Amino acid sequence: MSATPLFSQPVSRRSVLRGGLGALAASAVAGPLLTACGGDAGGGGDGKEMSFWNFYGPSDDQGPQSKWFVDLAEKWNANNEVKVKLRYIPGKDYLNGTTLQTAFQSGEGPDIFLISPGDFLRYYNGGVLQDLSSALPDESKADYLPGLLEARSVDGKVYGLPMEIEPLALYYSETAFEKAGLSEADLPKTWDQTLAVAEKLTGKDRYGVMFETLPGYYQNFTWYPFLWQGDGAVIKDGKVAFDSPAAVQALKFWQDTIKNKVAPRKALGDGGGDVVSNLGSGAAAMQQSGIWAVADMQAKAKNFKYGIIPHPTPSGGKPATDLGGWAFVANAKGKNPEAAAKFIAWALGSTDAEGVERQRQWNTVVKTNVPPRKSVQKAADAKGTFESGVLKKFVTEIAPTGQPEPRFPPEVYQPVADAIQACQLNAADPAKAAADAAAKIDTFLKTYQGAPIS
């Protein structure tokens, strides 16, 4: 994985939305076959119903994101013999739990499911993912921004279709700043300033700043930018690079927020990415989260006054964010892999007017993301979606500093996760934690034989 920002020169909003995310292309490093995750016992068949596990719908709140998924399945089912049946799994369980992994290990994995780039190699190396290439027309492939399909491909074959691009930023409460006698001039630009301002913002019922504390791929995803800000990496040029000053200082920064008692040990609601339950409730004055929270706040805390800033940087560091985004994937051992691939290509890759509008609705109406397809971005432009407010700042100031979310196998991800947890919540020595993690990753890389790590 490269530690180079997506853009070396300042760019306009339009250049971001018109292909400036091309640096998402994965830099491949050779790599190791994981133990197979398992798959549906009826693999390769022609079943007439496909299960689709997700963390959006049909949910109990029946919100707009849930409705989008329900409508998607109903539209497909009305016109196809092979039906899609949604299964909703709460976000905390899907993102940080083992529901999906356990299902595959027992041979009961879903036919269609969602994965992040960070978990791609677990399922690809396990032989679970269906090749979607034959179901995806060339016109659809060309519509995706450069690098997005490559990050979910192996040997030129596409195994996942991205539904969004999700940069991270630091949200802040305008009211909390005002009550603490702080102004826009006090918004932190450095890590030291973050700790100092967070101390002033911390009170009886409010923490000054918040980062994710639950272990999992999401926490790693949110921590990587702080590693990159110091020009650090987990793996560089095919070799472990985690035992570095950049890793040590990033681990220490997150540790200091807990040690100084300006950040909580546990978030409210659905975790550190849930801005409504934390920042919006007044429990946190600053909170790291992604672009998706803009839609959440609009839907559930419309009158709450907030802003966003780029991640503060260490002394001598550079701006950085992580560009995540979930993808639809199909189970190669499911009840009907070919039909599942066709469903995914239709749902996310359709280039007709209906397909483009469906994606515009997902990326800019019911949820807020940077759209991953050129035609969808053009449609969003026509509506003026990114012309003002926090979305404009996400696109013009924050996304250009982004790097693609790394795709690591579990044996690389886990030592990093353990180091973050040990330092953040258990007061471990950051230098020792980084060295221990690096040693485990180095041992693993020596025998890795799976798909390229990036």
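The following legends describe close-up views of a predicted model. Local features need pLDDT of at least 70 and side-chain atom pairs count only at pLDDT 80 or more, whereas totals for chains, interfaces and linings use all residues. Residues are numbered from 1 along each chain as its sequence is written, and side-chain values use heavy atoms, with hydrogens and water left out.

**View 1. Side chains of strand β14 (residues 327–330).** Strands are DSSP runs (E, at least two residues) and helices likewise (H or I, at least four), numbered from the N terminus. Ala 327 and Val 329 point one way from β14, while Phe 328 and Ala 330 point the other way. In a regular strand the side chains alternate between the two faces of the sheet. All four of these residues are buried (under 20% relative accessible area; exposed is over 50% and partly exposed in between, with a 1.4 Å probe and protein chains only).

**View 2. Strands paired with β14.** Two strands pair if DSSP finds at least two bridges between them. Strand β4 (residues 112–115) runs antiparallel to β14 and is joined to it by four bridges; here Phe 113 stands opposite Val 329. Strand β7 (residues 161–162) is also antiparallel to β14, with two bridges, and Pro 162 has Ala 327 as its bridge partner.

View 3. Gln 421 counts as buried because its relative accessibility is 15%. Its side chain reaches the backbone oxygen of Thr 213 at 2.7 Å. A polar contact of 2.9 Å links the side chains of Gln 421 and Gln 219 (a pair of N or O atoms within 3.5 Å; within protein, one must be able to donate a hydrogen and the other to accept it, and residues adjacent in sequence count only if both atoms are side-chain atoms).
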